[in-house]
Amino acid sequence: MPGPTALPPEVVAAGARPILYSRSADFVAIWEDVVTRLKGVFQTEGEVLIFGSSGTGAMSSAVANLAAPGERVLIASCGNFGERWAKICADEGVDVLHVAGEWGQPIDPAAVAAALEAEPGIEVVFVTQSETSTGVVSDLPALRAAAGDRILVADAVSGLGVADLPMDRWGIDVVVSGSQKGLMTPPGLAFVAANARAIERSAGLGPGGFYLDWERTRTGGSRSPFTPPVTVVAQLQAALELIDAEGLENVFARHRVLGRMCRAGVKALGLELLGPENPEANVVTAFRVPEGVPGKAIPKAMRERFGITIAGGQGRLAEKICRIGHCGYYDYRDIVTTVGALEIVLDGLGHPLELGAGVTAVQRTLAAAGLPG
Ligand SMILES: *Cc1c(COP(=O)(O)O)cnc(C)c1O
């Protein structure tokens with residue numbers, strides 16, 4: 001599954017520690033360490049704010065703190081999560097110019113540039129880095145260029161710590177994420193990484209809600225203004241220690257091989273990938289449900305016969321695609337076993353294939369990548 005994802009044993013163990021008082025020196029030290037390590041994962045010298053919420057809380061906070069009610073912003077989407085930006089804006093009373101792309105294709109930077117040129121006055125642009133509903137990863141540097149000097153906000157709830165996103169180097173003003181996908185931590189924490197000009201804009205607009213207000217959260221500093229989920233914060237520290245020990249570049253490299261293996265296995269089974277192949281789209285692999293196979297039958301059989309959870313499609317892609325998540329605590333053998341099980345399941349459902357073709361392609365891809373060190 002692309003999330004909530006499995007937890008490394010170290011992260012499970014951190015969850016069994018006694019509760020720490022949220023104002024104690026011990027907890028403040030964990031909090032400060034987590035913020036420092038998160039800045040490394042976001043690849044930013046800007047600020048990182050932590051909220052006790054799911055990832056959507058960080059998205060809501062970005063709209064509430066960066067756009068005034070009645071203001072018009074641009075949203076460029078290519079799937080279910082991108083469209084969530086528009087729903088949040090509707091609730092916050094923010095007006096939207098929506099460049100809604102095809103589900104399964106990346107966001108089109110030229111369409112964004114054209115829409116912004118046709119409608120001067122827009123100051124904030126919201127996009128999605130990894131569109132988890134389709135597996136597509138959009139080209140953020142191209143979207144940065146298309147957005148001109150406007151504030152650019154990217155949803156990286158599933159892609160952070162999976163697909164390289166050097167936000168400072170690429171000039172992305174705000175990146176939002178959550179704890180339960182690439183970061184190998186239970187659900188319960190959301191993050192906003194913001195550069196100085198985004199913080200300045202937010203401060204100038206006044207409060208962005210009470211609980212999700214960036215200024216209140218920032219000035220809380222190492223003392224979060226409200227009681228944080230202390231256990232999940234301690235678990236996040238354990239997960240970030242693992243990421244730092246592996247090395248962020250190695251984490252990205254591992255995901256590149258996982259993604260390549262999974263795409264090779266799926267294609268070798270005669271399945272069609274959703275959307276164009278992209279060597280950086282390594283969060284989730286989506287394939288079309290083959291003709292004649294009922295959409296829900298594949299995840300159901302995977303779970304019932306093998307105890308392997310894969311996801312179906314969301315929204316308009318429900319029952320049309322399946323999604324294999326490989327973001328976070330995943331290793332090469334997970335792809336071998338998942339594709340191996342998928343072969344048996346599809347064979348049983350009458351999809352023509354040669355047993356072993358998928359696993360062979362997966363193994364060849366891994367062998368060509370060199371054995372992991
Ligand atoms: C999972 C996800 C979200 C929503 O996160 P929640 O934690 O479920 O609120 C938003 N955007 C993307 C791209 C996601 O993958």
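Biologist: Which helix gives the most to the shell around the ligand?

Modeller: In this predicted model, 13 residues surround the ligand. Two elements give two or more residues to that shell, helix 3 (55–66) and helix 4 (80–92). The one that gives the most, with three residues, is helix 3.

Biologist: How do the residues of the shell around the ligand divide into nonpolar, polar and charged?

Modeller: The closest of the surrounding residues are S54, T56, T132, D155 and K181. The shell residues divide into three charged, three nonpolar and seven polar.

Biologist: How far is an N or O atom in the side chain of T132 from an oxygen atom of the ligand?

Modeller: A polar contact requires a pair of N or O atoms within 3.5 Å. A polar side-chain atom of S54 lies 2.5 Å from a ligand oxygen atom, and for the side chain of Q180 the value is 2.7 Å. For T132 the separation between a side-chain N or O atom and an oxygen atom of the ligand is 2.4 Å.

Biologist: What percentage of the area that the ligand exposes when taken alone does the protein bury?

Modeller: Side chains that place an N or O atom by a ligand oxygen atom include that of Q180, at 2.7 Å. Taken alone, the ligand exposes 380 Å². Of that area, the protein buries 90%.

Biologist: How many charged residues are in the lining of the largest cavity?

Modeller: The lining consists of W31, I50, F51, G52, Y211, T217, S224, P225, F226, T227 and P228. Seven of these residues are nonpolar and four are polar.

Biologist: Which helix gives the most to the lining of the second largest cavity?

Modeller: The second largest cavity holds about 60 Å³ of space and is lined by A14, R17, P18, I19, L20, F27, V230, T231 and A234. These lining residues divide into seven nonpolar, one polar and one charged. The helix that gives the most to the lining, with three residues, spans residues 230–246 and is helix 10.

Note on methods. Residues numbered from 1 in each chain as written. Predicted model: local features only at pLDDT ≥ 70, side-chain atom pairs only at ≥ 80, totals over all residues. Heavy atoms only, no water. Near = heavy atom within 4 Å. Polar contact = N/O pair within 3.5 Å; in protein donor to acceptor, adjacent residues only side chain to side chain. Areas by Shrake-Rupley, 256 points an atom, 1.4 Å probe, with all protein chains shown as cover. Helix = DSSP H or I, 4+ residues; strand = E, 2+ residues; numbered from the N terminus. Nonpolar A, V, L, I, M, F, W, Y, C, P; charged D, E, K, R; others polar. 1 Å grid on protein atoms, 1.4 Å probe; cavity = no way out; pocket = protein on both sides within 12 Å on 5 of 7 lines; lining within 4 Å. Points joined across faces, edges and corners; volume = space filled by probe spheres on them.
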